[in-house]
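This briefing is meant for a reader meeting the structure for the first time. It begins with a term that is needed later and then goes through the structure topic by topic.

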Amino acid sequence: MDLLEISKNNSRKQAPFYIKVLSLFSVVRGYNIALIVIAQYLASIFIFSPEKSLRHVLLDANLYFIVFATICVIAAGYIINNFYDLESDRINRPLKSRIDAIVDQKTKLQIYFVLNFLGVGISFLVSWRAALFFSVYIFLIWLYSHKLKKYPLVRLFSAVTLAMLPFFAVFVHYKNFSEIIFTHASYLFFILLIRELIKDLEKLKGDFTQNNQTIVVKYGEHFTKMLVTLIALLTLNPIYFLLKYPEIGGMKFYFYASVIVLFVFVVLLWFSKNKRNYVALHLMLKLLILAGVFSLSLIDYSVIIDRILLK
């Protein structure tokens with residue numbers, strides 16, 4: 001029996017435990033969380049603490065606690081977002097919505113509170129400031145899901161800011177305030193802005209039906225495409241400055257490729273007219289972000305050999 005059959009029969013028959021686990025994995029978007037964890041560790045190794053040994057970073061207990069707390073609060077964030085987006089998701093993502101529904105809403109909310117409590121509790125092992133950071137982060141995620149989504153521009157910038165905050169926690173942990181980090185952050189910020197707008201284009205039908213006030217719903221597809229094009233052009237600015245830093249090493253090839261990808265992306269965007277096209281563009285951005293995460297290891301080719309030996 002597959003997940004789809006389980007979801008159809010969920011009201012009549014109790015789903016097996018492993019099916020519920022898979023359903024919950026879908027709700028919390030475990031694949032996204034796994035990518036964030038990898039990104040946090042790679043950023044810690046290659047950007048935030050380039051002078052420290054690989055062993056020192058990997059065995060840093062405080063970094064482990066920060067990453068674990070991040071996993072908990074982000075998973076909880078996806079649960080509460082799923083709770084508020086239930087109706088629009090039934091229209092935009094019918095298959096995923098049915099899979100997510102295998103675990104009932106009451107259970108999801110119970111897990112939501114447990115994860116938040118666990119996240120804040122773990123962060124206390126780092127410091128009270130870390131616990132305060134994650135407490136505020138939890139509140140902001142709830143505020144975004146419950147209130148901020150009603151205002152198009154606030155919704156857009158809030159979503160991107162919340163996506164970047166986990167890296168801010170690691171950034172503060174290492175207290176590395178270099179210029180190159182802020183330039184990297186601005187590049188990521190622009191890419192995530194584009195991704196959010198493409199997601200809104202992809203989910204236009206459900207958002208319009210539920211009167212969700214996104215940029216696309218309020219200002220239309222043409223305006224949104226113009227905005228995406230403008231942001232794609234703005235992305236060239238941090239890329240230009242990053243390429244001037246010798247510290248980025250082999251990652252320069254990623255940025256050269258990203259210019260080409262963004263150009264092709266914008267061209268395809270203007271020819272896109274339906275959800276299928278926007279899904280393909282969203283996938284294109286996901287692959288660009290995925291490549292960006294793993295290209296962090298190109299910053300220093302010798303890191304795996306040399307920095308393991310550092311004391």
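Two residues are said to be in contact, or to touch, when heavy atoms of theirs lie within 4.5 Å. The model described here is a predicted one.

- Leu298 is placed in the loop between H16 and helix H17, the latter spanning 303-307.
- With a relative accessible area of 31%, Leu298 is partly exposed.
- Between Leu298 and Val154 there are 35 Å in space, taken from C-alpha to C-alpha, and the two are 144 residues apart in sequence.

**The helix pair H15 and H16**

- Helix H15 (residues 252-271) and helix H16 (residues 275-295) have axes that come within 10 Å of each other and cross at roughly 170°.
- Angles over 145 degrees count as roughly antiparallel, and H15 is therefore roughly antiparallel to H16.
- On the H15 side, the residues that meet H16 include Tyr254, Ser258, Val261, Leu262 and Phe265, while those of H16 that meet H15 include Asn277, Tyr278, Leu281, Leu285 and Ser295.
- Sorted by class, the contact of H15 with H16 has 14 nonpolar residues, 4 polar residues and no charged residues.

**Aromatic pairs**

- How many aromatic pairs does the model hold? The count comes to 16 aromatic pairs.
- Tyr187 and Tyr254 form an edge-to-face pair, with 6.2 Å from centre to centre and 85° between the planes.
- Because Tyr187 lies in helix H11 (residues 179-202) and Tyr254 in helix H15, this pair ties together parts that are 67 residues apart in sequence.
- Both members of the pair, Tyr187 and Tyr254, are buried.
- Tyr187 also pairs with Phe255: the centres of their rings are 5.2 Å apart and the planes stand at 85°, so this pair is edge-to-face.
- The pair of Tyr187 in helix H11 and Phe255 in helix H15 links distant parts of the chain, 68 residues apart, and Phe255 is buried, as is Tyr187.
- Elsewhere in the model, ring pairs link Phe133, Phe134, Tyr137 and Phe168 into a cluster.

**The nonpolar core**

- In soluble globular proteins, nonpolar side chains tend to be buried together.
- The largest nonpolar core in this model has 86 residues, and the residues with the most contacts inside that core are Ile194 and Ile198.
- Which helix gives the most to this core? Helix H5 (residues 61-84) does, with 13 residues.
- Ile194 touches Val228, Ile231, Ala232, Thr235, Leu262, Phe265 and Leu285, when residues up to four places away in sequence are not counted.

**Buried arginines in loops**

- Arg29 lies in the loop between helix H2 (17-27) and H3, and it has a positive phi of about 50° although it is not a glycine.
- Is Arg29 buried or exposed? Arg29 is buried, since its relative accessible area is 14% and the cut-off for buried is under 20%.
- Arg93 is placed in the loop between helix H6 (86-92) and helix H7 (94-100), and with a relative accessible area of 19% Arg93 is buried.
- Apart from its neighbours within four places in sequence, Arg93 is in contact with Arg29, Lys203 and Lys275.

- Asn32 is found in helix H3 (residues 30-48), where it is buried with a relative accessible area of 17%.
- Leaving out residues up to four places away in sequence, Asn32 touches Tyr78 and Arg195.
- Phe46 has its place in helix H3 and is buried, with a relative accessible area of 8%.
- Phe46 and Tyr187 are 141 residues apart in sequence and 17 Å apart in space, C-alpha to C-alpha.

**Tyr174 in helix H10**

- Tyr174 is found in helix H10 (residues 152-174) and, at 10% relative accessibility, counts as buried.
- Not counting residues up to four places away in sequence, Tyr174 touches Ser44, Phe48, Ser49, Lys52, Val57, Asp60 and Leu63.
- From Tyr174 to Leu63, one of these contacts, the C-alpha to C-alpha distance is 9.1 Å, while the two are 111 residues apart in sequence.

Note on methods:
Residues numbered from 1 in each chain as written. Predicted model: local features only at pLDDT ≥ 70, side-chain atom pairs only at ≥ 80, totals over all residues. Heavy atoms only, no water. Axes fitted to C-alpha atoms, helices over the stretch in contact; angles between N-to-C directions. Helix = DSSP H or I, 4+ residues; strand = E, 2+ residues; numbered from the N terminus. Parallel < 35°, antiparallel > 145°, perpendicular 65-115°, else oblique. Nonpolar A, V, L, I, M, F, W, Y, C, P; charged D, E, K, R; others polar. Phe/Tyr/Trp six-rings, centres within 6.5 Å; stacked < 30°, edge-to-face > 60°. Buried < 20%, exposed > 50% of the residue type's maximum accessible area, 1.4 Å probe, protein only. Core = buried A, V, L, I, M, F, W, Y, C linked by side-chain atoms within 4.5 Å.
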